[in-house]
Structures are given as structure tokens and as C-alpha cells.
Amino acid sequence: MAPLAERVSFLSEHIADTAGPTAGGILNATCGNVPELIIALFALHKEKMEILKWSLLGSILSNLLLVLGSSLLCGGLANTGKERPLDRRQADVSIGLLMLGVLCHILTLLSKYSNRTGDIISSSGSVLELSRLSAIVMLTAYFGGLIFQLKTHRQSFEQEDSSESTNTSDDDGSSVIGFTSAVIWLIGMTVLIAVLSNYIITTIEEASESLGIPLRFISIILLPIVGNAAEHAGAIIFAFKNKIDITLGIALGSATQISLLVVPIILIVSWVNGIPMDLDLNLLETGSLVMTVFTTAFTLQDDKWHYLKGFNLTLCYIVIAVCFFTIKALPTPKKVHA
């Protein structure tokens with residue numbers, strides 16, 4: 001899965017070159033999230049809701065803490081004293097959208113506890129209805145952000161991106177694959193990822209039992225590391241080259257897209273198919289998401305960056321990983337069909 005994810009990123013990067021820097025970056029992030037989306041769809045098809053939610057949560061945590069943290073750490077060590085100021089415009093947009101996603105998850109969790117009046121079915125239906133309405137709001141916010149970046153305030157983002165794109169093209173040289181070939185190969189890679197994703201979802205519970213590794217840990221930590229392998233490598237490379245704005249675009253853009261595009265799409269697909277999926281991630285998972293977004297926001301509150309910020313984010317990810325590894329005996333809550 002990891003090599004295929006890297007090839008998808010490589011192919012999408014060449015396709016994105018024809019769309020301009022900002023649109024190309026969004027397209028690149030979209031293709032980079034193909035493995036996570038396919039895994040989520042197969043989990044939904046098999047109605048493995050906990051694995052579905054955990055894998056999507058893990059993708060957000062991995063992008064914000066591991067990908068961004070290790071990139072800042074490695075880039076900061078390689079460019080100590082020479083760090084370029086980061087452009088906070090893109091970070092502000094992404095953090096604001098992520099905050100909205102966090103709010104939707106918190107309200108769903110609180111709604112579950114506030115509606116516990118003894119009627120479990122009524123409470124479950126209320127949470128389900130709130131989740132579906134929140135999914136529409138999240139999608140609206142994501143496309144509003146696209147309009148902001150690609151249309152109404154495009155010049156503000158393209159100014160910085162154009163210079164970065166010029167430098168990148170100078171470093172990389174001419175394209176090694178044509179547009180049509182890239183699209184054909186991308187479709188082929190996506191089919192292979194779909195086959196592997198189906199195998200992963202089918203065998204993940206048996207693997208968890210045979211290896212003695214908690215299912216939560218595999219779903220939240222290991223699966224996203226594999227799916228984000230391409231983004232992780234690319235973000236670190238750009239950080240080494242002191243192109244921190246591209247690194248932020250990769251990490252924050254991918255996390256925002258998972259939170260406000262992939263999650264609502266999966267929720268709406270489940271709604272159409274009559275599968276009761278909601279935004280309730282349970283208390284521990286929701287707390288991890290909230291603290292991750294707030295930690296990232298505080299880390300990027302100014303235009304300065306250095307290796308210590310990346311070190312702190314990476315340590316936060318390690319703490320979360322250890323937490324989910326140690327709770328082996330935590331029972332999985334049963335879902336009540338609305």
C-alpha cells in the first residue's frame with residue numbers, strides 16, 4: 001500500500017502541474033487522500049463503523065502531528081538559523097475550517113450525553129440527525145474555502161505559490177510523464193489500492209487478534225501512516241529545501257480535506273444507503289482530535305518556525321499512539337440502528 005500511495009502522489013503531482021499552483025495543490029491533496037477514501041468506503045460497505053471512524057481520525061492526527069511535526073523537525077535541523085518566515089494565510093484558512101470540523105464532533109458527542117433520558121433509540125436518532133445536518137454544513141464550509149482560495153482571493157494565495165512553483169520546477173526539471181499517461185496510470189493505481197483496501201478491511205480484525213495489537217492502534221496509527229506515506233515524504237523533502245509553505249499546504253490541506261470533505265461524503269453515502277453512521281468518535285478519540293487541532297493552531301500562531309515546534313508535535317503524536325496502544329481491553333460500544 002505504501003509504494004502505491006507514493007506513486008499516486010507522484011502521478012497526481014504531474015497532473016496538478018497543468019492546473020496552476022493553488023488548484024494543483026488541492027488536486028494533489030485530493031489524489032493523495034485516495035487510499036484513505038477507498039479504505040473508508042470498504043469499511044462502510046462492510047458496516048465496520050469503528051474501523052471507519054478510527055481510520056479517518058488517524059489520518060487527521062497523522063497529518064497534523066506526524067507529517068507536519070517531523071517536517072518541521074527535520075527542516076528546522078537542516079536550516080537552523082535560515083528558516084524562511086511562513087505565510088500564515090493558508091494556515092489561518094485551514095485551521096479555521098478544522099475548528100469547524102472539531103465543533104461538529106464535539107456537539108455530536110455532547111448531544112449523545114445530554115439526550116440520555118432512558119430512551120436509547122431516541123437519543124441515537126437525535127445524534128444521527130445532528131450528524132447528517134453537520135455533514136451538509138461541513139461540505140458547505142469546505143467548498144466555501146475552495147471558492148475563497150481559487151476565486152475571490154486567488155491572487156493572495158497565488159503570489160506566494162507562483163514563486164515556490166517556479167523554484168520547484170527549476171529544481172525538478174522537465175516532466176517525465178505526459179498528462180494522458182499520468183491519468184491512465186493513476187486509474188490503474190487506484191484499482192490496485194481498492195483491491196488491497198478490501199483485503200485490509202477483511203483481515204484487520206483477525207490480524208489484531210493474532211498479533212496481539214489493539215484494533216484501535218492499527219486503525220488510528222498504523223493504517224494512516226501507510227496511507228500518508230507519500231504526503232509524509234513530500235512534506236519532509238520540501239521542509240529540507242526550506243519551502244515551508246508547501247509543507248504546510250501538504251499537511252494542513254490533506255487534514256482539512258479529510259475532516260471537511262471525506263468524512264461528510266462518507267456520512268452522506270451511509271445516509272443514502274440507510275447505514276446509521278454518525279460523527280460520534282467517543283470521548284477519548286474526540287479529546288485527541290480537539291487537542292491536536294488546538295496544538296497545531298498554537299504552533300502556527302506566528303510566522304516563525306524551528307525544529308523545537310516540530311519536536312513538540314512529534315512527541316504529541318507519540319503520546320497519542322502510546323495511549324491507543326495501551327487500552328487493549330476497552331470494549332467497543334454497540335451501535336443502535338435508528
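Me: To start, are α4 and α12 roughly parallel or antiparallel to each other?

Reply: First, a caveat: this is a predicted model, so local features need pLDDT of at least 70 and side-chain atom pairs count only at pLDDT 80 or more, while totals for chains, interfaces and linings use all residues. Residues are numbered from 1 along each chain as its sequence is written, and side-chain values use heavy atoms, leaving out hydrogens and water. Helices here are DSSP runs of H or I with at least four residues, numbered from the N terminus. Axes are lines fitted to C-alpha atoms over the stretch in contact, and angles between N-to-C directions run from 0 to 180 degrees. An angle under 35 degrees counts as roughly parallel, and one over 145 as roughly antiparallel. The axes of α4 and α12 (residues 283–299) cross at roughly 30° and come within 11 Å, so α4 and α12 are roughly parallel to each other.

Me: Which residues in α4 and α12 meet?

Reply: Contact means heavy atoms within 4.5 Å. On the α4 side you have W54, L57, I60, L61, L64, L65, L68 and L72, facing E285, S288, L289, T292, V293, T296 and T299 of α12. For classes, Ala, Val, Leu, Ile, Met, Phe, Trp, Tyr, Cys and Pro are nonpolar, Asp, Glu, Lys and Arg are charged, and the others, Gly among them, are polar. That gives 10 nonpolar, 4 polar and 1 charged residues for the contact of α4 with α12.

Me: At what angle do α4 and α11 pack?

Reply: About 170°, with their axes 9 Å apart. So α4 is roughly antiparallel to α11. Their contact has 17 nonpolar and 6 polar residues, with no charged ones.

Me: And what about α5 and α11, at what angle do they pack?

Reply: α5 (residues 88–114) packs on α11 (residues 244–272) at about 20°, again with a 9 Å gap between axes. That makes α5 roughly parallel to α11. Q90, A91, S94, I95, L97, L98 and G101 of α5 make the contact with D245, G249, L252, A255, T256, S259 and L260 of α11. By class, this contact has 7 nonpolar, 6 polar and 1 charged residues.

Me: Now the cavities. How many of 30 Å³ or more are there?

Reply: Rolling a probe the size of a water molecule over the atoms shows where empty space is left. A cavity is a set of points on a 1 Å grid over the protein atoms alone where a 1.4 Å probe fits but cannot get out, and lining residues have an atom within 4 Å of a point. Points are joined across faces, edges and corners, and the volume is the space filled by probe spheres set on them. The count here is 3 cavities of 30 Å³ or more.

Me: What lines the largest cavity?

Reply: The largest cavity has a volume of about 90 Å³. Its lining is K53, L56, L57, I60, H105, V263, M277, D278, L279, L281 and L289. Helix α4 (residues 49–78) gives the largest share, 4 residues. The lining splits into 8 nonpolar, 1 polar and 2 charged.

Me: Which residues line the second largest cavity?

Reply: P35, E36, I39, S55, L56, S59, S219, L223, P224 and G227 line the second largest cavity, whose volume is about 70 Å³. α9 gives the most, with 4 residues. By class, this lining has 5 nonpolar, 4 polar and 1 charged.

Key
Helix = DSSP H or I, 4+ residues; strand = E, 2+ residues; numbered from the N terminus. Parallel < 35°, antiparallel > 145°, perpendicular 65-115°, else oblique. 1 Å grid on protein atoms, 1.4 Å probe; cavity = no way out; pocket = protein on both sides within 12 Å on 5 of 7 lines; lining within 4 Å.
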